[in-house]
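Subject: Structure handover

Hello,

Here is the structure you asked to look over. My notes on it follow below.

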Amino acid sequence: MKYQGSCHCGKIAYEVEAQIESLLECNCSLCSRRGYLLFFVPKEQIQLTTPASDMSTYTFNKHVIKHHFCPTCGCAPLGFGSDSKGKEMAAVNARCIPDLNLNQFKINHYDGKAV
Ligand SMILES: [Zn+2]
């Protein structure tokens, strides 16, 4: 399935190809504040339809994940990082895909606070 996501004001928009089976809710210091509900795809399955330079970037802890957010409206629709094998991945915030009915997915809880 292809999904269209964006920040609230539309400065960051993307199209993502994904088979979403479940969503991840993490309790780390950032995810809990932002309220992310995430799914993950290889980076090549997500296409920004707005300039990457319009995104602001936040990193913390080991600074290996780039948490992108919109400098205008503050929404955080996606992030980029690598999985344990070094493959480039995108973490997509399902809350920024308006057509997605979030209630249909199983939510897996990840204990990021403990990591
Ligand atoms: Zn925005």
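A polar contact here is a pair of N or O atoms within 3.5 Å; within protein, one must be able to donate a hydrogen and the other to accept it, and residues adjacent in sequence count only if both atoms are side-chain atoms. By that rule, the side chain of Thr50 reaches the backbone nitrogen of Ala13 at 2.9 Å. Thr50 sits in the loop between strand E5 (46-48) and strand E6 (56-58); helices (H or I, at least four residues) and strands (E, at least two) are DSSP runs, numbered from the N terminus. At a relative accessible area of 17%, Thr50 is buried (under 20%; exposed is over 50% and partly exposed in between, with a 1.4 Å probe and protein chains only).

This is a predicted model, in which local features need pLDDT of at least 70 and side-chain atom pairs count only at pLDDT 80 or more, while totals for chains, interfaces and linings use all residues. Residues are numbered from 1 along each chain as its sequence is written, and side-chain values use heavy atoms, with hydrogens and water left out.

Zinc site. The protein donors (N, O and S atoms within 2.8 Å of the metal, or 3.2 Å for Na, K and Ca) are the SG atoms of Cys7, Cys9, Cys70 and Cys73, 2.3 to 2.4 Å from the zinc ion. Their spacing in sequence is C-x1-C-x60-C-x2-C. Cys9 lies in the loop between strands E1 (2-6) and E2 (13-17) and Cys70 in the loop between E7 (66-69) and E8 (78-82), so the pair ties together parts that are 61 residues apart in sequence. Cys9 is partly exposed at 41% relative accessible area, whereas Cys70 is buried at 1%.

Pocket. A pocket is an open set of points on a 1 Å grid over the protein atoms alone, where a 1.4 Å probe fits, with protein on both sides within 12 Å along at least five of seven lines; lining residues have an atom within 4 Å of a point. The largest pocket is lined by 31 residues, and Cys26, Cys28, Ile65, His67 and Tyr110 lie nearest its centre. E8 gives the most to this lining, with five residues. Tyr110 belongs to strand E10 (residues 106-110) and is partly exposed, at 42% relative accessibility.

Regards
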